[in-house]
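Here are some friendly notes to read alongside the model. Please keep the viewer open as you go through the points.

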Amino acid sequence: MDDIIVVKKKMNTESGSAMIVNYEQNGQLQPFNQVVLMSGSKRRHELLAFMEPVIQVAQIDERQIEATYLTQYQSDAFLPRVAKTCCEISKAKLSKARESNTLYIAADTMVVACDQIYHKPKDLEEAEQMLRSYFGQVHHVVTSVCLKTTDYLDVFYAVTEVEFVDYYPALEPLIQSYLETKSSLDKSGGYGIQEIDPRFVARIDGDIYTVVGLPVAEVSRRINTAIVK
Ligand SMILES: Cc1cn([C@H]2C[C@H](O)[C@@H](COP(=O)(O)OP(=O)(O)OP(=O)(O)O)O2)c(=O)[nH]c1=O
């Protein structure tokens, strides 16, 4: 993709990596009388509840798509390479979305830490390794979004930078009690920013809802803008 455009780069951070980037745009949003959110994520359901969406879940092989596009984008720096790959996963979630008068929405969230993609942990041991690796470090959370009506496609990604505090021993019981909840297991990167102890977090640079799984203000803005056009 040569036509990647940085739409917004509002955050004046040291690394300047909190941003929203267009990936693919075609056509104009058409009138719709229902919204379908293609996601099994409870967080996304809550964040988009104001649109009263119908919920469907796409069955796709995310790891296969990931392998294909990480190869295709291998000349990019790691973060945009992952983010573009993440966009392809969101697109794939809508590949069978064909009903007319319907706005389809899909998203995908990936955590990039230590130059790796952190997926959902396979067990609590992996969740613990992921969680501990964040302390004293900066990592990035990418959420891609695909908006689709019959002749309209808008795919973009948002990046939020998250910094955890340096580890200190008094955090230990807080880490343990978070892991005991087991709620890390269904989350990319093994944690939920909305549920970890707030003392873990030193800084969030970007939209916190990008971390939770859907940059909902940007979604809402794009839909409204498209309607006005
Ligand atoms: C990093 C992070 C992720 N998450 C969640 C959001 C997503 O539900 C999940 C990322 O996995 P995804 O594969 O993006 O989504 P999903 O499998 O839950 O749902 P679907 O593919 O059907 O849309 O991690 C949080 O809730 N909080 C966080 O801080």
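Is Glu52 buried or exposed? Glu52 counts as exposed, at 69% relative accessibility; buried means under 20% relative accessible area, exposed over 50%, and partly exposed in between, with a 1.4 Å probe and protein chains only.

A word on the basis: this is a predicted model in which local features need pLDDT of at least 70 and side-chain atom pairs count only at pLDDT 80 or more, while totals for chains, interfaces and linings use all residues. Residues are numbered from 1 along each chain as its sequence is written, and side-chain values use heavy atoms, with hydrogens and water left out.

1. Glu52 lies in the loop between H1 and strand E4 (54–56); helices (H or I, at least four residues) and strands (E, at least two) are DSSP runs, numbered from the N terminus. Although Glu52 is not a glycine, its phi is positive, about 50°. Asp115, in the loop between E5 and strand E6 (116–118), has a positive phi near 55° and is likewise a residue other than glycine. Asp115 is exposed, with a relative accessible area of 64%.

2. The annotated residue. The unreviewed UniProt entry carries the annotation "active site" at Asp108; UniProt positions are given in the numbering used here, feature names are shortened, and annotations may be inferred rather than shown by experiment. Asp108 sits in strand E5 (residues 102–113) and is buried, at 4% relative accessible area. Its side chain makes a polar contact of 3.0 Å with the side chain of Lys93. Here a polar contact is a pair of N or O atoms within 3.5 Å; within protein, one must be able to donate a hydrogen and the other to accept it, and residues adjacent in sequence count only if both atoms are side-chain atoms. Beyond four places in sequence, Asp108 touches residues including Arg44, Glu62 and Cys86, where contact means heavy atoms within 4.5 Å.

3. Arg44. This residue belongs to helix H1 (residues 42–47). Arg44 is buried yet has no salt bridge, and the nearest side chain of opposite charge, Asp108, is 5.3 Å away. A salt bridge is a side-chain nitrogen of Lys or Arg within 4 Å of a carboxyl oxygen of Asp or Glu; Lys and Arg count as positive and Asp and Glu as negative, with His and the chain ends not counted. The side chains of Arg44 and Thr109 are joined by a polar contact of 2.9 Å.

4. Arg81. Helix H3 (residues 78–93) holds Arg81, which is buried and has no salt bridge; Asp76, the nearest side chain of opposite charge, is 6.9 Å away. A polar atom of the Arg81 side chain lies 2.9 Å from the backbone oxygen of Leu70.

5. Lys187. Look for Lys187 in the loop between H5 and strand E9 (201–205). Lys187 counts as buried because its relative accessibility is 8%. Its contacts beyond four places in sequence include Arg43, His119 and Glu195.

6. Nonpolar cores. A nonpolar core is a set of buried Ala, Val, Leu, Ile, Met, Phe, Trp, Tyr and Cys residues joined through side-chain atoms within 4.5 Å. The largest has 42 residues, and those touching the most other members include Ile105, Leu131 and Phe200. Among the elements giving two or more residues to this core are strand E3 (34–38), E5 and helix H4 (124–134). Apart from it lies another core of 28 residues, among them Val36 and Tyr157.
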